[in-house]
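Subject: Structure handover

Dear colleague,

Here is the structure you were expecting, with notes on what turned up in it. Please look through the model before reading on.

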Amino acid sequence: MAYIDPRGKLLQHLDRLHAIQTGVKQAPINVEIDLSNRCSLGCEWCHFAYTHTRGPLAHKRAVDTGDLMDALLIRRVMKELAEAGVRSLTWSGGGEPTLHPAFEAIITTCPLPQGIYTNGQHIHERMAGVMKQRLAWIYVSLDAHDATSYARDKGVTPAHFDRACEGVRLLVAADGNATIGVGMLLDAHNWAHAAEMADVARELGADYVQFRPVIHYDSTAPATIDGPTGWIDVFLDWWDRTNVWRKSEIDLSRFEMLRDWKGHTYAACWWSALQTVITPDGRVWACLNKRGYEGACIGDINTQSFAEIWAAAPVHEVNDQCRVMCRGHIPNTALAPIMDAQFAHKEFV
């Protein structure tokens, strides 16, 4: 079973794709919500450090998208998303979702299928039980094979690695049906430890481990790579010759796209009609990679309903603020040939 397949999953929502093609406005498939902009880690590749209000990278904060989302606002947002026809909700960041004081109560009352990206640092036994029962999936970003590399890459002490691993163990041991995944980011300095990373995830009892490349980009020119990519060929050759844990989720084309990056080869971001993000201050954004970017806010839940905001939101154009290998890039490579193509005699297949 493939847990992560952004191309294939799009085909499970043909009604939404047809609506976009015909200009009929429908709710997004998924909405991400940042409950918190606080983070207890300082990952050197963090794309959202500029939003952090507390934590090792908070000094890099350049924009204000809020600290903790108001509990009353969260309740209203969840209700409005469900009523609008949103099909799923993801708790992410921004910061670390489990740092919100009302986290357990929030996920207990959520009316939508929900999942979470977490660093695993703050999961205790009771919380693990609530998460395992209420969420469809839980993705713990580990990104290291041992405590030394974890501490180096995340700007914390080696003990933090043990805390994250314990968080995974508690989730695995808890009663419930949530899928437990472990995320591992690879780049030039750690790819050679991929097999050891898979071993860690397997030993912790996770359902799968996902490997993705770290995206190093120029913050002043987000569409420009700012890091080595020569390691990717070596890694792909190694992967082809090595037997890694069979429950490894890896999209090799994602690595190849980064290696061969030619920019966004489509003019419209069709993904922006299918997914959005809400930050702790209640603002809604054109793209999760543009939280806090000038001109990227499409509305404010504090003064408008989600339905009103979404009804006025266009399919956004790709511009120079769009990041290398942005969240929507792989879905857009699948959508663009469908949405942009003009076929003669299209009834003849």
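This is a predicted model: local features need pLDDT of at least 70, side-chain atom pairs count only at pLDDT 80 or more; totals for chains, interfaces and linings use all residues.

Helix H12 spans residues 329-340, and its buried residues are His329, Ile330, Pro331, Asn332, Leu335, Ala336 and Met339.

Across the whole structure, the search finds 19 salt bridges. Among them are the following.

Lys79 and Glu83 form a salt bridge, with the closest N and O atoms 2.6 Å apart. Both belong to helix H3 (residues 71-84), where a spacing of 4 residues puts about one helical turn between them. Glu83 counts as exposed, because its relative accessibility is 57% and the cut-off for exposed is over 50%.

In helix H9 (residues 231-241), Asp237 and Arg241 are likewise 4 residues apart, about one turn of the helix. Their side chains meet in a salt bridge at 3.0 Å, N to O. Arg241 is exposed, at 57% relative accessible area, while Asp237 is partly exposed, at 41%.

Arg202 and Glu203 also meet through their side chains, in a salt bridge of 4.0 Å, N to O. Here Glu203 is exposed, with 60% relative accessibility, and Arg202 is partly exposed, with 39%.

Finally, a network of salt bridges links Glu32, Asp34, Arg291 and Arg327.

Regards

Key: Residues are numbered from 1 along each chain as its sequence is written. Side-chain values use heavy atoms; hydrogens and water are left out. Buried means under 20% relative accessible area, exposed over 50%, partly exposed in between (1.4 Å probe, protein chains only). Helices (H or I, at least four residues) and strands (E, at least two) are DSSP runs, numbered from the N terminus.
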